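Reader: Please show me the model, and then take me through how its parts are arranged.

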2 protein chains.
Amino acid sequence: MPLDGHLIEVQRTSAEVYRGKFLTAFKDAVELPDGTMAVREYVVHPGAAMVIPILEDENGNLRLVLERQFRYPMGRTMLEFPAGKLDPGESPFDCAQRELQEETGYTAQEWARAGVIHPVISYSTEFIEIWIARKLVAGGRQLDAGESLDVLTVTPAELMTWCLDGTVTDAKTICGSLWLQSLFNGSWKPSWQSTR
Amino acid sequence: MPLDGHLIEVQRTSAEVYRGKFLTAFKDAVELPDGTMAVREYVVHPGAAMVIPILEDENGNLRLVLERQFRYPMGRTMLEFPAGKLDPGESPFDCAQRELQEETGYTAQEWARAGVIHPVISYSTEFIEIWIARKLVAGGRQLDAGESLDVLTVTPAELMTWCLDGTVTDAKTICGSLWLQSLFNGSWKPSWQSTR
């Protein structure tokens with residue numbers, strides 16, 4: 001029995017209960033460790049990628065690229081790092097490069113993978129792979145039809161303040177800030193790779 | 001027009017498309033800033049509270065209380081801080097105290113509110129209010145029927161390493177670690193309140 005065998009739930013039945021334009025939901029019957037049965041409902045998600053874009057000016061001062069976007073379930077605009085869902089067959093790294101370019105116009109010459117996070121472990125299969133991008137080159141953005149978002153830049157200190165004071169509440173962006181803080185204080189050493 | 005008026009989406013119709021045991025989903029028609037229509041699907045969630053429980057031994061060494069719990073949509077056990085959904089009419093602070101006691105057996109004599117995060121801004125209304133708890137007193141836990149989870153303790157340094165190396169991928173727990181790091185490095189000053 002594995003270390004956590006006393007915790008494992010086993011699928012007995014699975015049924016798709018909703019298939020919409022974006023959301024697909026399942027309702028499964030599972031057997032609990034004590035032998036009783038329970039229901040698990042969850043959203044199936046293709047996964048996503050998020051980019052932490054770092055701009056450096058001629059004096060070595062750093063700024064981060066953020067977006068302000070209306071998020072309908074929140075009923076308001078939110079500040080967040082660029083991110084998006086994987087297209088079918090797309091790798092998280094390819095998705096990260098595509099979303100950065102489409103939403104902000106920037107392309108990056110150097111990339112480092114930070115890690116992966118799971119935003120909704122109780123009711124969605126979603127993962128978000130986080131990439132850091134530097135040596136940015138500005139270009140034209142290509143928003144999807146009907147997509148509206150503002151692009152802005154902030155200092156790392158501003159972002160950290162905003163994560164703690166409630167100005168930024170998006171979980172993926174706050175998670176990204178932990179990697180950023182660890183990058184700046186030297187406790188995390190990224191492996192940079194060039195795209196050229 | 002507000003600062004972000006050019007980003008706002010306006011609800012035109014709203015319909016409940018799924019009501020299960022735990023999940024409720026809606027599908028709305030919205031008018032986009034450019035006047036075209038779009039579909040927004042999302043889960044309605046009551047909100048949740050998460051607790052960062054800090055243990056201090058007689059030498060002043062700190063340990064954090066974590067849980068290991070099977071998370072069905074992930075297909076595996078996850079390491080996470082204690083958390084749970086608000087009961088109807090329950091405040092996040094009451095929920096934090098209840099979940100800590102039910103899941104770990106600990107009660108805390110001092111609490112500080114860290115902030116609120118939104119884990120799924122594109123398809124759920126969920127918020128998680130994060131509280132820090134210290135001066136813990138051990139007691140008996142009271143798990144819900146069918147609930148199984150292990151309680152463990154780690155050092156702050158172990159947790160930080162695990163957030164960066166992929167051992168911990170739960171987003172709410174990684175967000176909590178940013179507040180912890182800011183508490184320990186002095187950049188965040190919590191307002192402690194006593195429960196007695």
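Author: A term to begin with: domain bounds here come from an automatic or database domain assignment. The model itself is predicted.

Reader: What distance separates the centres of domain 1 and domain 2 of chain A?

Author: Chain A is divided into domain 1, residues 5-43, and domain 2, residues 48-194. Taken over C-alpha atoms, the centres of these two domains of chain A are separated by 32 Å.

Reader: Which kind of axis relates the two copies?

Author: Chain B can be laid on chain A by a turn of 180 degrees, with a shift of 0.0 Å along the axis and an RMSD of 0.0 Å. The copies are thus related as by a two-fold rotation axis.

Reader: Which element of chain B gives the most to the side that touches chain A?

Author: Contact involves 63 residues of chain B and 63 residues of chain A. Several elements of chain B each supply at least two residues to that side, including strand 1 (10-19), strand 8 (107-117) and helix 2 (156-165). The most, nine residues, comes from helix 3.

Reader: How many residues on that side of chain B are nonpolar, polar and charged?

Author: The copies meet through the same surface, since 100% of the interface residues of chain B are also interface residues in chain A. By class, the side of chain B that touches chain A has 12 charged, 17 polar and 34 nonpolar residues.

Definitions and conventions. Residues numbered from 1 in each chain as written. Chains lettered and ligands numbered in written order. Predicted model: local features only at pLDDT ≥ 70, side-chain atom pairs only at ≥ 80, totals over all residues. Least-squares fit on C-alpha atoms with pLDDT ≥ 70 in both. Contact = placed C-beta atoms within 7 Å. Helix = DSSP H or I, 4+ residues; strand = E, 2+ residues; numbered from the N terminus. Nonpolar A, V, L, I, M, F, W, Y, C, P; charged D, E, K, R; others polar.
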